[in-house]
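Here is a walk through one protein model. Keep the structure in view and follow along.

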Amino acid sequence: MATIKLKKGFDLPLEGQVAADAQPVKVAVPSTVAIVPDDFTGITPRMDVHAGDTVQAGQVLYHDKNHESVKVTSPVSGVVKEVRRGERRKILAVIIEPNGEQRVTFDTKRNPLELLLESGLWVMLRQRPYDVVPNPDVRPRDIVVTAFDSAPLARRLYKLDAEQARRAEVAVKALSGMTDGKVYIGVAPDQDINVNGAEVNVFDGPHPAGNAGVQLANIKPVNKGETVWTLSLDTLLRIGGLLTTGTVDYRTTVAITGPLCGEPRVADAVIGTPIADLLGDVDTNSRIISGNVLTGVQVSAEEWLRAPYSQLTVIAEIADRDEFMGWAALKPSRYSIYRLFTTWLAGKRNKPVALDARIKGGERAIVRLDEYDNMLPMDIYAEFLIKAIIARDIEKMEQLGVYEIAPEDFALAEYADTSKLELQRIVREGLDYLRAEME
């Protein structure tokens, strides 16, 4: 193993961490399960089922309009209750009422790539450039697996058991046949994970060390004309399970975290489980986030656990509270990642704090303070790249490394940004614009 030390970044110390040895509590089959198309960036859905249809776990719900072989499948067997639509008939969610244990069994002797497409696991992968579901017609230069999540309060798998190790090896062997390069696995220093057939690299540093883009940038950056696939360890294990058993495991281990989550705990649930089934009663002054506080999606208790996430975070909303003197009030309890308040004098800068959802400031012009660069361990000029994206200057974007980034890479910089810019939204819109122009 090679060890790559990263100095840039920051570990946000948030209250509500799940104990490392916490055992998952199994959640009963919910009354409804939902798949949200917005979770699979780059896909234009075309429905294969309608309200009232009966489906099995693993059966196709919809496919991509532009690549019909790219499919999204049902996580449970049951009846399609509703295909919820929004403005201009955009599909917001496919809601299913679970009923029974029927599931589709796939032929494990088929070509692995075709098997991933048919089973729906394909949409769990992402590609650089553009951070979208991969184009199945393009062979990747390399494949990167992130074995840990360094985001605030994220839970970590420290070691694979015998069955998980076998499935990971089967998956790596299959993925190796889909690329002319290597399969890389990025692990944290405290993880005992090594998979035959893959090149394992240890990333020692603060968040965003667990991001696929950061790991890729420190191994072999993506250049114009190159394509790299990225996936999580959970997805790798699901692929191994599919190739071994012929079925897809749609269950996920969810870390329920945050200052207002009650007791931090772990739940064993199906992808798309209702938030209310996972959280129970929550404070009315709470913001529920499917995912972590930096990159997650705000949801209500009536919505569902979004497919890409294995974490729920609950923090205080406090939308309208006015404070005397605002940021200038030198309260001992006030927190900042910079040495602006007295907190760091008392040695509390890295102790868990109960942060809330307030932005505490308005949007303003970008000031060159190297804030973005200090939070992003990649060899790019982040501030200049953001300006090029805003200006829609494609040539400058390419020169500054736009092909190797994703919105999540700028999440920590967005938190630290004194300009209060929505950096992840800016990057997402820039990547979508670039993709439309180049393809």
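Start with one term. Buried means under 20% relative accessible area, exposed means over 50%, and partly exposed lies in between, with a 1.4 Å probe and protein chains only. This model is predicted; local features need pLDDT of at least 70, side-chain atom pairs count only at pLDDT 80 or more, and totals for chains, interfaces and linings use all residues. Residues are numbered from 1 along each chain as its sequence is written, and side-chain values use heavy atoms, with hydrogens and water left out.

Now the sheet. Helices (H or I, at least four residues) and strands (E, at least two) are DSSP runs, numbered from the N terminus. Two strands pair if DSSP finds at least two bridges between them. Here 6 strands make an open sheet with mixed pairing, ordered S1-S13-S12-S11-S14-S10. Strand S1 (2-5) and strand S10 (126-128) are the edge strands, and each pairs on one side only. From one strand to the next, the twist averages 30 degrees. Axes are lines fitted to C-alpha atoms, for helices over the stretch in contact, and angles run from 0 to 180 degrees between N-to-C directions.

S10 and strand S14 (residues 228-232) run antiparallel and are joined by 3 bridges. Arg-128 stands opposite Val-228 in S14. Arg-128 also belongs to a network of salt bridges with Asp-131, Asp-409, Arg-428 and Asp-432. A salt bridge is a side-chain nitrogen of Lys or Arg within 4 Å of a carboxyl oxygen of Asp or Glu.

Which helix packs on the sheet, touching S14? Helix H2 (residues 162-176) does, and H2 also touches strand S11 (142-146) and strand S12 (183-187). Contact means heavy atoms within 4.5 Å. The direction of H2 makes about 140 degrees with that of S12.

H2 has another partner. H2 and H4 pack at an angle of about 90 degrees, with their axes 7 Å apart. Angles under 35 degrees count as roughly parallel, over 145 as roughly antiparallel, 65 to 115 as roughly perpendicular and the rest as oblique. H2 and H4 are therefore roughly perpendicular to each other. Among the residues in contact are Ala-171 and Leu-175 of H2, and Leu-236 and Ile-239 of H4.

Next comes the interior. A nonpolar core is a set of buried Ala, Val, Leu, Ile, Met, Phe, Trp, Tyr and Cys residues joined through side-chain atoms within 4.5 Å. The largest such core has 58 residues, and those with the most contacts inside it include Phe-40, Leu-231, Leu-236 and Ile-239. Helix H4 (residues 233-245) gives the largest share of this core, 6 residues. Beyond its neighbours within four places in sequence, Leu-231 is in contact with residues including Leu-125, Ile-143, Leu-175, Leu-236 and Ile-239. A second, separate core has 48 residues, among them Leu-6, Ile-386, Ile-389 and Val-427.

Finally, the charged pairs. The structure holds 25 salt bridges. One of them joins the side chains of Asp-39 and Arg-306 (2.8 Å, N to O). Asp-39 lies in the loop between strand S3 (33-35) and strand S4 (45-47), and Arg-306 in the loop between strand S18 (297-299) and strand S19 (311-316), so the pair ties together parts 267 residues apart in sequence. Asp-39 is buried at 6% relative accessibility, and Arg-306 is buried at 12%.

Arg-141 and Asp-142 meet in a salt bridge (2.6 Å, N to O). Are these two residues buried or exposed? Both are buried.
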